[in-house]
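Open the model in your viewer and keep the sequence panel beside it. The stops below tell you what to select next and what is there.

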Amino acid sequence: MQLVVARIGRAHGIRGEVTVEVRTDEPELRLGPGAVLATDPAGTGPLTIETGRVHSGRLLLRFAGVTDRNGAEALRNTLLIADVDPDETPEDPDEYYDHQLVDLDVFLADGTAVGRITEISHLPSQDLFIVERPDGEEVMIPFVEEIVASVDLAEQRIVVVPPPGLLDDRAEIASARDAEATGTGTGTAGPDASGTAPKGGA
(Lines give C-alpha, C1' and ligand atoms only; values in the text may rest on other atoms or scores of the structure.)
Protein backbone atom coordinates (compact mmCIF):
# COMPACT_ATOMS: atom_id res chain seq x y z
CA MET A 1 0.00 0.00 0.00
CA GLN A 2 1.25 3.48 -0.85
CA LEU A 3 0.86 6.42 1.52
CA VAL A 4 1.75 10.08 1.04
CA VAL A 5 4.35 10.94 3.70
CA ALA A 6 5.41 14.45 2.67
CA ARG A 7 5.06 17.27 0.17
CA ILE A 8 8.14 19.09 -1.09
CA GLY A 9 8.13 22.83 -0.53
CA ARG A 10 10.52 25.56 -1.62
CA ALA A 11 14.23 25.21 -2.14
CA HIS A 12 16.49 26.05 0.80
CA GLY A 13 19.92 27.48 0.10
CA ILE A 14 21.99 26.71 -2.99
CA ARG A 15 23.06 23.10 -2.42
CA GLY A 16 19.91 21.25 -3.35
CA GLU A 17 18.05 21.12 -0.04
CA VAL A 18 14.27 21.46 0.05
CA THR A 19 11.77 22.14 2.80
CA VAL A 20 9.12 19.48 3.25
CA GLU A 21 5.62 19.46 4.69
CA VAL A 22 5.63 16.26 6.75
CA ARG A 23 2.49 14.14 6.49
CA THR A 24 3.53 11.23 8.67
CA ASP A 25 3.91 10.83 12.41
CA GLU A 26 6.93 8.62 11.77
CA PRO A 27 9.33 10.90 9.86
CA GLU A 28 12.39 9.14 11.27
CA LEU A 29 11.16 5.90 9.69
CA ARG A 30 9.68 7.22 6.44
CA LEU A 31 11.99 10.15 5.68
CA GLY A 32 15.38 9.00 6.88
CA PRO A 33 18.60 8.95 4.80
CA GLY A 34 18.56 6.11 2.31
CA ALA A 35 14.78 5.96 1.99
CA VAL A 36 13.60 5.55 -1.60
CA LEU A 37 10.26 7.20 -2.28
CA ALA A 38 7.87 7.17 -5.19
CA THR A 39 6.49 10.53 -6.28
CA ASP A 40 3.42 12.26 -7.63
CA PRO A 41 3.91 13.21 -10.42
CA ALA A 42 5.47 9.83 -11.03
CA GLY A 43 7.98 11.11 -13.58
CA THR A 44 9.80 13.08 -10.88
CA GLY A 45 10.85 9.99 -8.98
CA PRO A 46 11.76 7.75 -7.47
CA LEU A 47 13.80 9.95 -5.13
CA THR A 48 16.41 8.72 -2.68
CA ILE A 49 16.91 10.78 0.45
CA GLU A 50 20.59 11.61 0.90
CA THR A 51 20.47 13.83 3.99
CA GLY A 52 17.93 15.26 6.36
CA ARG A 53 18.06 17.86 9.12
CA VAL A 54 15.76 20.13 11.09
CA HIS A 55 16.22 23.88 10.64
CA SER A 56 14.06 26.43 12.47
CA GLY A 57 11.49 23.76 13.20
CA ARG A 58 11.19 22.62 9.58
CA LEU A 59 12.56 19.41 8.06
CA LEU A 60 15.04 19.90 5.23
CA LEU A 61 15.88 17.05 2.84
CA ARG A 62 18.41 16.63 0.08
CA PHE A 63 17.95 13.96 -2.58
CA ALA A 64 20.57 12.01 -4.47
CA GLY A 65 21.43 13.74 -7.75
CA VAL A 66 19.92 17.09 -6.72
CA THR A 67 22.89 19.36 -6.13
CA ASP A 68 21.75 22.94 -6.71
CA ARG A 69 18.88 25.33 -6.10
CA ASN A 70 17.44 24.94 -9.61
CA GLY A 71 17.17 21.19 -9.19
CA ALA A 72 15.58 21.60 -5.78
CA GLU A 73 13.09 24.18 -7.01
CA ALA A 74 12.04 21.84 -9.83
CA LEU A 75 10.78 19.39 -7.18
CA ARG A 76 8.44 21.91 -5.55
CA ASN A 77 4.94 20.59 -4.73
CA THR A 78 5.95 16.98 -5.47
CA LEU A 79 4.31 14.44 -3.17
CA LEU A 80 6.56 11.81 -1.59
CA ILE A 81 5.02 8.34 -1.35
CA ALA A 82 6.17 5.40 0.77
CA ASP A 83 5.32 1.73 0.32
CA VAL A 84 3.74 0.48 3.54
CA ASP A 85 2.69 -3.04 4.46
CA PRO A 86 -1.14 -2.91 4.67
CA ASP A 87 -0.96 -4.99 7.86
CA GLU A 88 1.49 -2.61 9.50
CA THR A 89 0.21 -0.47 12.38
CA PRO A 90 1.76 2.53 14.15
CA GLU A 91 3.77 1.81 17.29
CA ASP A 92 1.46 3.95 19.41
CA PRO A 93 -1.78 2.01 20.03
CA ASP A 94 -3.74 5.30 19.99
CA GLU A 95 -2.58 6.16 16.47
CA TYR A 96 -3.98 4.88 13.18
CA TYR A 97 -3.14 5.09 9.51
CA ASP A 98 -5.70 6.90 7.41
CA HIS A 99 -6.56 3.77 5.44
CA GLN A 100 -7.53 2.02 8.69
CA LEU A 101 -10.11 4.70 9.49
CA VAL A 102 -11.65 5.46 6.11
CA ASP A 103 -14.95 3.59 5.59
CA LEU A 104 -15.48 2.94 9.29
CA ASP A 105 -19.03 3.47 10.54
CA VAL A 106 -19.57 6.15 13.16
CA PHE A 107 -22.13 5.77 15.97
CA LEU A 108 -23.26 7.66 19.02
CA ALA A 109 -22.91 5.99 22.43
CA ASP A 110 -26.59 4.99 22.33
CA GLY A 111 -26.09 3.14 19.03
CA THR A 112 -27.52 5.82 16.74
CA ALA A 113 -25.77 5.75 13.37
CA VAL A 114 -24.01 9.00 12.46
CA GLY A 115 -22.53 8.01 9.10
CA ARG A 116 -19.40 6.70 7.42
CA ILE A 117 -15.90 8.17 7.36
CA THR A 118 -14.95 9.12 3.80
CA GLU A 119 -11.77 11.07 4.45
CA ILE A 120 -9.32 12.17 7.14
CA SER A 121 -8.46 15.87 6.99
CA HIS A 122 -5.11 16.79 8.54
CA LEU A 123 -5.15 20.39 9.75
CA PRO A 124 -2.33 22.15 11.64
CA SER A 125 -4.28 22.11 14.89
CA GLN A 126 -6.03 18.73 14.72
CA ASP A 127 -7.25 15.89 12.54
CA LEU A 128 -10.85 15.70 11.40
CA PHE A 129 -13.07 12.83 10.34
CA ILE A 130 -15.07 13.78 7.25
CA VAL A 131 -18.26 11.78 7.79
CA GLU A 132 -20.98 11.27 5.20
CA ARG A 133 -24.37 11.10 6.91
CA PRO A 134 -27.21 8.88 5.67
CA ASP A 135 -28.88 11.92 4.06
CA GLY A 136 -25.75 12.63 2.01
CA GLU A 137 -24.67 15.63 4.07
CA GLU A 138 -21.11 15.81 5.40
CA VAL A 139 -20.10 16.59 8.96
CA MET A 140 -16.62 17.11 10.39
CA ILE A 141 -15.78 15.43 13.69
CA PRO A 142 -12.51 16.35 15.46
CA PHE A 143 -10.39 13.31 16.19
CA VAL A 144 -9.72 14.16 19.82
CA GLU A 145 -10.10 12.11 22.98
CA GLU A 146 -12.89 14.28 24.33
CA ILE A 147 -15.12 13.39 21.36
CA VAL A 148 -13.94 10.03 20.01
CA ALA A 149 -14.79 7.52 22.72
CA SER A 150 -13.56 4.37 20.98
CA VAL A 151 -12.12 3.02 17.75
CA ASP A 152 -12.80 -0.66 17.06
CA LEU A 153 -11.03 -1.77 13.90
CA ALA A 154 -12.23 -5.36 14.30
CA GLU A 155 -15.87 -4.26 14.34
CA GLN A 156 -15.22 -1.48 11.81
CA ARG A 157 -16.91 1.11 14.01
CA ILE A 158 -16.16 4.29 15.92
CA VAL A 159 -18.18 5.66 18.83
CA VAL A 160 -18.31 9.42 19.34
CA VAL A 161 -19.68 11.66 22.09
CA PRO A 162 -20.14 14.98 20.25
CA PRO A 163 -20.71 18.28 22.05
CA PRO A 164 -24.08 19.98 21.50
CA GLY A 165 -24.46 21.38 18.00
CA LEU A 166 -21.57 19.52 16.38
CA LEU A 167 -23.73 17.16 14.35
CA ASP A 168 -26.87 19.25 13.86
CA ASP A 169 -25.92 22.91 13.50
CA ARG A 170 -24.68 23.28 9.90
CA ALA A 171 -23.81 26.95 10.38
CA GLU A 172 -21.66 26.12 13.38
CA ILE A 173 -19.89 23.39 11.43
CA ALA A 174 -19.20 25.74 8.52
CA SER A 175 -17.90 28.35 10.95
CA ALA A 176 -15.58 25.79 12.52
CA ARG A 177 -14.32 24.81 9.08
CA ASP A 178 -13.47 28.42 8.26
CA ALA A 179 -11.75 28.89 11.60
CA GLU A 180 -9.57 25.83 11.08
CA ALA A 181 -8.69 26.92 7.56
CA THR A 182 -7.36 30.22 8.91
CA GLY A 183 -5.54 28.57 11.78
CA THR A 184 -7.74 30.08 14.49
CA GLY A 185 -9.52 26.88 15.55
CA THR A 186 -8.75 24.87 18.64
CA GLY A 187 -7.70 21.26 19.13
CA THR A 188 -4.86 19.03 20.17
CA ALA A 189 -4.51 16.40 17.46
CA GLY A 190 -1.40 16.45 15.30
CA PRO A 191 -0.60 16.23 11.58
CA ASP A 192 -0.88 13.30 9.94
CA ALA A 193 -0.48 13.04 8.19
CA SER A 194 -0.05 10.79 5.80
CA GLY A 195 -0.49 8.69 6.77
CA THR A 196 -1.33 8.48 10.47
CA ALA A 197 -4.00 10.10 12.54
CA PRO A 198 -3.20 10.40 16.26
CA LYS A 199 -6.03 10.43 18.78
CA GLY A 200 -5.71 13.39 21.07
CA GLY A 201 -2.22 14.49 20.01
CA ALA A 202 0.69 13.92 17.67
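Predicted model: local features only at pLDDT ≥ 70, side-chain atom pairs only at ≥ 80, totals over all residues.

Residues are numbered from 1 along each chain as its sequence is written, and side-chain values use heavy atoms, with hydrogens and water left out.

**Whole chain**

Start with the cartoon. The protein chain has four helices and 14 strands. These are DSSP runs, numbered from the N terminus: helices are H or I with at least four residues, strands are E with at least two. Now show the surface. Its accessible area is about 10300 Å², and carbon and sulfur atoms hold 49% of that. The areas come from the Shrake-Rupley method with a 1.4 Å probe; for residues, only the protein chains shown count as cover. Of the 202 residues, 42% are buried. Contact means heavy atoms within 4.5 Å. Take the contacts between residues at least 6 apart in sequence: 57% of them join residues at least 24 apart.

**Stop 1: strand β2**

Select residues 17-22, which form strand β2, and pick out Glu 21. Is Glu 21 buried, partly exposed or exposed? Glu 21 is partly exposed, because its relative accessible area is 31%. Next, show its contacts. Beyond the neighbours within four places in sequence, Glu 21 touches Val 5, Ala 6 and Arg 7.

**Stop 2**

Switch to salt bridges (a side-chain nitrogen of Lys or Arg within 4 Å of a carboxyl oxygen of Asp or Glu). The whole structure has six. Select Arg 53 and Glu 17, whose side chains form one at 2.8 Å, N to O. This pair links distant parts of the chain: Arg 53 is in strand β4 (residues 47-55), Glu 17 is in strand β2, and 36 residues separate them. Arg 53 is partly exposed at 38%.

**Stop 3: from β4 to β5**

Select Glu 50 and Arg 62. Their side chains meet in a salt bridge of 3.9 Å, N to O. Glu 50 lies in strand β4 and Arg 62 in strand β5 (residues 58-63), so the pair ties together parts 12 residues apart in sequence. Both count as partly exposed: Glu 50 at 44%, Arg 62 at 21%.

**Stop 4: a salt-bridge network**

Select Arg 116 and Asp 103. They form a salt bridge, with the closest N and O atoms 2.6 Å apart. Arg 116 lies in strand β9 (residues 113-122) and Asp 103 in the loop between α3 (98-101) and β8 (105-108), so parts 13 residues apart in sequence are tied together. Arg 116 is partly exposed at 31%, and Asp 103 is partly exposed at 44%. Salt bridges with shared partners join Asp 103, Arg 116 and Glu 132 into one network.

**Stop 5: a charge over a ring**

Finish with Arg 157 and Phe 107. Where is the charged end of Arg 157? It sits over the ring of Phe 107, 4.1 Å from the centre. The rule asks for NZ of Lys or CZ of Arg within 6 Å of the ring centre and within 35 degrees of the ring normal.

Key
Buried < 20%, exposed > 50% of the residue type's maximum accessible area, 1.4 Å probe, protein only.
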